[in-house]
Amino acid sequence: SEYEKEQLKKKEQNEYNFLNYFQQLIDKRNGSNADNWTAALKYLKVFSTDTLKVGDLNERFCNEFKEHLLNTYSLKRQNKRLAQNTALSYFNKFKAALKQAYKDDVLSFDLNSKVSPIKEAETKKEFLNLEEVNLLVKTPCKNEQLKRAALFSILTGLRFSDIKNLSWDEIEFIQDHGYIIKFQQQKTKGIETLPISEQAYQLLGEQGNAAELLFKGLNYSATISKELKQWTTAAGIDKKITFHCFRHTYATLQLFNGTDLYTVSKMLGHKSLKTTQVYAKIV
């Protein structure tokens with residue numbers, strides 16, 4: 001009967017391995033986004049078992065997994081608790097998987113909508129003021145490639161992952177408008193068109209072949225972190241500066257100088273204005 005068919009389908013659904021389904025979703029992704037999904041799956045495996053079935057998923061399981069993420073220790077650093085915003089990121093991936101599972105008819109009901117997300121913790125976004133930026137410009141850096149990339153980030157707001165993958169065929173000059181970059185964000189995979197200043201363009205040096213990278217051999221490593229620390233210290237800056245702080249610097253300097261929030265949001269490639277409002281609070 002139709003009822004028996006429905007019950008059989010439900011039984012098959014409940015027996016389906018949700019971790020395998022999660023892995024299938026990861027396989028469709030790439031870059032840093034895939035890395036975050038993979039990390040989320042690792043924590044889910046630690047909390048559950050290797051045979052987590054769809055039938056085991058309910059509100060109680062989801063809320064207990066949420067509490068686990070908020071109280072567990074990092075798998076990379078055993079003596080350090082998982083940061084709240086990292087837990088938020090991983091739990092959001094889990095919720096996204098639940099949402100997709102419902103769309104794909106793997107889950108028979110919309111469990112995602114019944115589970116509340118983890119609240120975002122307010123964090124301090126470190127940035128440089130204009131005086132400190134000029135100190136960096138004047139201070140020699142052991143790694144000249146790193147210095148150019150850092151100043152380019154300050155002038156464009158681009159992330160390290162986007163800067164290291166930029167090639168000459170993504171730079172375009174438009175008469176009466178100047179230089180623009182057409183590229184795909186590594187984090188969001190969104191296609192962006194970003195106007196850049198003449199000053200930013202000058203940092204790129206002599207033009208190369210179309211497929212040639214703008215910043216050859218630029219890879220984030222412990223060595224680069226050390227060279228970055230040495231450079232900022234030599235410039236007399238005692239703030240804890242990471243490469244991502246240069247993106248924060250771009251956003252805050254834009255707002256300090258009167259650029260409206262909506263424009264800054266678009267220049268940063270944010271999907272939501274809410275993401276950019278953090279910088280407005282700083283200003």
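Aspartate 105 is partly exposed, with a relative accessible area of 37%, where partly exposed denotes the range between buried (under 20% relative accessible area) and exposed (over 50%), computed with a 1.4 Å probe on protein chains only. The residue lies in the loop between α5 (84-103) and α6 (130-138); helices here are DSSP runs of H or I with at least four residues, and strands are E runs of at least two, both numbered from the N terminus. This is a predicted model, in which local features need pLDDT of at least 70 and side-chain atom pairs count only at pLDDT 80 or more, while totals for chains, interfaces and linings use all residues. Residues are numbered from 1 along each chain as its sequence is written, and side-chain values use heavy atoms, with hydrogens and water left out.

| Residue | Phi | Relative accessibility |
|---|---|---|
| Aspartate 105 | near 65° | 37% |
| Aspartate 176 | near 70° | 74% |

Aspartate 176, which counts as exposed, lies in the loop between β1 (171-174) and β2 (178-184), and the hairpin formed by these strands has three residues between them.

Strands β1 and β2 run antiparallel and are joined by four bridges, two strands being paired if DSSP finds at least two bridges between them. Within this pairing, isoleucine 171 stands opposite isoleucine 181 in β2. Strand β2 is also joined to β3 (residues 191-196) by six bridges, again in antiparallel orientation, and phenylalanine 183 has glutamate 192 in β3 as its bridge partner. Five of the seven residues of β2 are buried, so that the strand is mostly covered.
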